[in-house]
Amino acid sequence: MKKQLNLSKSKIQDCRKMAKKISAPVFNLIAEKSSWSIERATLRLYGVDDALKQSGLDYPLCNAVVDELRKSKMEMYGVTPFWMYARSKHTSLSANDLARVICEKPSDYFHYQVIENYPKLAKLAEKETREAINHLLKVRDDRYKLKRKLQDPAQVKNRPMLYLIVATGNIYDDVEQAKSAARSGGDVIAVIRSTAQSLLDYVPHGATTEGFGGTYATQKNFQIMRQALDEVSLELGRYIRLVNYSSGLCMSEIAAMAAQERLDFLLNDAMYGILFRDINMQRTLVDQHFSRLVITLSDIYINTGEDNYLTTADAYENGHQVLASQFINECFAENAHMNKDRMGLGHAFEMNPKIPNVFHWELARALMTREIFPEHPLKYMPSTKYKSTDIFYSHLMDAVFNLIGRMTGQGIQLLGMATEAIHTPYMMDRYMSVVNATYMFNGIGDIMEEMQLKKNGKIDKYAQKVLDDTHKLLKSMEKNGLYKSIEKGELAHVKRTIDGGKGYEGVFLKDKKYVNLFASILTKELPQIKKKLKSKEKVR
């Protein structure tokens with residue numbers, strides 16, 4: 001796509017440099033601290049995925065083990081040394097049975113002598129960890145084998161992937177909705193999580209049927225939906241991608257589960273939980289790094305959540321906050337060795353439709369984002385804030401959104417619904433949205449190759465202003481630091497403190513003898529692993 005905007009290359013470069021300086025202190029935080037979620041994710045990667053019965057309810061085994069780690073006041077060393085000590089004593093037990101044994105008599109396994117003798121367990125730990133990593137690589141390879149058999153929508157030129165949502169609350173109803181969405185033409189199916197799951201400090205166990213506003217993200221639900229989408233992929237002859245949410249207090253765990261169950265996209269943002277769910281700043285920033293290491297290994301796309309900024313701040317006036325966050329999210333993802341073509345940076349079509357010339361401003365922002373991030377599969381969100389019960393007007397807004405999405409070369413188009421703000425979409429609602437998008441994408445084609453925007457015209461000047469404002473915001477954030485900037489409300493007009501918010505007690509300082517081989521191996525070896533796999537995984 002040819003360049004249309006006269007954006008300052010030097011300012012864009014400055015923004016990236018400032019984003020790196022802003023994010024640098026967070027890398028020190030990541031080196032110094034871990035979280036309960038990371039330790040539980042580590043157990044999940046070693047194979048723990050069952051639950052204990054407590055008061056008639058299922059309580060995840062990985063939570064039970066980490067609870068005992070905390071009670072023994074050994075969390076600063078991480079769960080790995082103690083897990084490996086127990087493994088050395090019970091070599092034939094499954095991961096779930098081993099977790100049960102540890103919980104039955106935790107004092108046998110959680111004591112300082114294990115740390116003193118850990119060097120004797122180092123070879124076993126290395127072996128177990130590399131086996132777990134190899135399992136994730138096998139799952140990754142399974143995805144590519146299936147893609148080679150089928151048409152991959154990501155390889156279709158001249159249109160974004162069509163992203164549709166299911167959200168019934170019942171995983172089995174979700175399956176029927178998802179298959180229908182795929183048959184209607186959807187390329188990417190996102191299973192919305194049950195309301196407030198991000199605030200749970202555990203992952204519910206098993207298949208679930210009673211979510212509110214969405215369906216609980218569980219390992220079993222991931223398995224059920226992945227199997228269903230594989231079936232419909234083979235039926236249709238094209239690969240259908242599965243999406244869920246790696247965010248909240250269980251961000252790292254859900255990344256581990258998604259990697260094991262072959263999900264394709266994860267909503268994964270470095271700052272979303274801080275700003276919009278009041279999850280502790282340190283907890284979120286530490287968890288996002290570990291989750292992105294696992295995501296990178298498993299070749300999962302991330303989608304970031306900058307579209308949410310425009311639900312708390314005016315979309316016309318605050319596009320610079322979105323762009324600033326995109327630069328920072330890009331920096332954090334690169335620190336986890338993620339390629340740009342796997343960073344689905346988010347933005348949205350959320351301006352008040354009554355603003356004069358609103359089409360100009362939406363086009364300017366979408367085009368600006370595309371030109372600043374040319375290698376990224378940008379995720380473009382439809383209007384929701386200004387939709388009402390007028391389904392015809394909503395459908396018209398979605399048509400304009402699809403028009404701009406195709407004109408500006410977005411990579412992932414989350415299709416709007418005419419019934420937004422009325423009810424959970426029916427199957428026919430999604431079909432209408434696909435027809436709308438398909439008509440626009442086919443009809444517009446490569447029209448921007450035939451057009452040239454007026455230099456220093458309204459669209460050009462507005463994009464330049466957003467970049468200028470972003471430059472000023474990042475300069476302020478560089479001066480104040482990320483933590484203080486968030487405390488001052490410089491992003492999304494939401495203020496959070498470094499030691500406030502949910503989950504603060506679940507982030508802890510590592511001892512110098514702390515062990516987490518997944519983090520250390522992936523930090524060191526991911527570039528080499530990716531290079532080795534690159535030629536092998538080339539899809540048509």
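Modeller: A residue is called buried under 20% relative accessible area, exposed over 50%, and partly exposed in between, using a 1.4 Å probe and protein chains only. This is a predicted model, in which local features need pLDDT of at least 70 and side-chain atom pairs count only at pLDDT 80 or more, while totals for chains, interfaces and linings use all residues. Residues are numbered from 1 along each chain as its sequence is written, and side-chain values use heavy atoms, leaving out hydrogens and water.

Biologist: Is S23 buried or exposed?

Modeller: S23 has a relative accessible area of 0%, so S23 is buried. The residue lies in helix α1 (residues 9-32); helices here are DSSP runs of H or I with at least four residues, numbered from the N terminus. Leaving aside residues up to four places away in sequence, S23 touches C331 and F332, where contact means heavy atoms within 4.5 Å.

Biologist: How many disulfides are there?

Modeller: A disulfide is a pair of cysteine sulfur atoms within 2.5 Å. By this rule the count is zero. C15 is in none, and its nearest cysteine sulfur, in C331, is 12 Å away.

Biologist: How are two packed helices described?

Modeller: By the angle between their axes and the distance between the axes. Axes are lines fitted to C-alpha atoms over the stretch in contact, and angles run from 0 to 180 degrees between N-to-C directions. Helix α12 (residues 281-297) packs against helix α20 (residues 517-534) at about 35°, with the axes 10 Å apart. Residues making the contact include F290 and L293 of α12 and L522 and L526 of α20.

Note on methods: Helices (H or I, at least four residues) and strands (E, at least two) are DSSP runs, numbered from the N terminus.
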